[in-house]
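Have the model open as you read.

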Amino acid sequence: MKQRCILHPWVLSGLMVTTSFFLMGLGWAQNNDTTMAASKITSERKANAMDIIKDSFGITSEGEAITLYTLSPSSEFKVAITNYGGIIVSIITPDRDGTMTDIVLGFDDLESYIGKHPYFGAVVGRYGNRIANGKFTLDNKEYTLAQNNSPNHLHGGVHGFDKAVWQAEPLRRADAVGLKLTHTSPDGNEGYPGTLQCEVIYWVTQSNTLEISYKAVTDAPTHVNLTNHSYFNLAGHDSRTILDHEMTLYAEYFLPIDDTSIPTGLLQPVANTPMDFRKSRMIGDRIEDEDEQLLYGIGYDHTFVIDPENKKELRQAAQVYEPIHGRVMDVWTTEPGVQFYSGNFLDSTNIGKGGMVYKHRYGFCLETQHFPDTPNHTDFPSTVLRPGEIYQTRTEYRFSTK
Ligand code: BGC
């Protein structure tokens, strides 16, 4: 039986107080956006504006109860997130005629998320993308990680953050409803050193933006590279391939890969290659070119360099436009790179929401992150986190129509 309740402002206020104690314990500054005054907003708005609806999403085999939080800041934007893997289960936005559609791939039930799937909607950690041969040396000590994408380590290993049960607390501010997720990854987890305390905050705003901010602290030197692995299809998760989506990537360079998808270490200009998305064009335009990089990736599966200087400022990484329904998604990030993955390994084995069969290239990912295999490339922007430092990044997915 599904349990359903709307969290009332006073419950939320209580949760926020508890949260601030938790953060003080971690030594983090409280996020100023999380104001208690904002929780009075509900009554003045339309029936379903500023709602946070809590549904039971099932129970894991270890007996942990999992919840699905549906965040709707307005009647025109709704995002559902579960504390299992921090997974974004649905993003519902209007098309240019106002028709609301779910534009991310995923499942209707917890069992499918616990089963085998290609990280639909999940928080990926401790390290997004690959680490060569599952090995790195940090401060003269070698660490060995799972080679779960032979011969490499992928997306944090066998039991990464996508499979963690996160603590969840709903949040409110004047223009948005949100969810704070926290998780502690113990020292040695999946082979990584250091106890890592992580926080992911999702804000779903009245201007149709999904803001994601990540924080982490450690008690021993380690590597961190967190991202979100949503698969988008701006025509609807239940439509067709993404090949006719038009995309701009604000990148002059990309990272060429070897035949196991590990970056060679070069930053290659996109000019005169199928990687050149500096001017908007269809994803499918050149995806079948006889190009070594496209053959290695079986399509696009490459890091595009958004900020070669790694200034950590919020800047635009991408814009994607779906011409039939008119949805536009702008991606902004403080990260130096974005992994553009054109859903090349989707192969109809995942039966998704409403029985939808997710075929080859029915979704694409724009995973904002540091570069793959940085622990083995001293000239890439560093992913080392040391005690006393705070890992902090932010990404925004802004939705509109034209
Ligand atoms: C990787 C792909 C991988 C996919 C699903 C992407 O981030 O770049 O190579 O197949 O995730 O795991």
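How far does a polar side-chain atom of Arg 130 lie from an oxygen atom of the ligand? The separation is 2.7 Å. This is a predicted model, where local features need pLDDT of at least 70, side-chain atom pairs count only at pLDDT 80 or more, and totals for chains, interfaces and linings use all residues. Residues are numbered from 1 along each chain as its sequence is written, and side-chain values use heavy atoms, with hydrogens and water left out.

**Ligand contacts**
- In the side chain of His 229, an N or O atom is 2.7 Å from an oxygen atom of the ligand.
- Gln 339 has a polar side-chain atom 3.3 Å from a ligand oxygen atom.
- Alone, the ligand exposes 310 Å², and the protein buries 94% of that (Shrake-Rupley method, 1.4 Å probe).

**The shell**
- Residues around the ligand (a heavy atom within 4 Å of it) include Tyr 119, Asn 129, Leu 154, Asp 301, Phe 345 and Glu 367.
- The shell divides into 5 nonpolar, 4 polar and 3 charged residues, with Tyr and Cys among those counted as nonpolar and Gly as polar.

**Cysteines**
- Cys 198 counts as buried because its relative accessibility is 2% (buried means under 20%, exposed over 50%, partly exposed in between; 1.4 Å probe, protein chains only).
- Cys 365 is buried too, at 0%.
- The disulfide count (cysteine sulfur pairs within 2.5 Å) is 0.

Notes: Polar contact = N/O pair within 3.5 Å; in protein donor to acceptor, adjacent residues only side chain to side chain.
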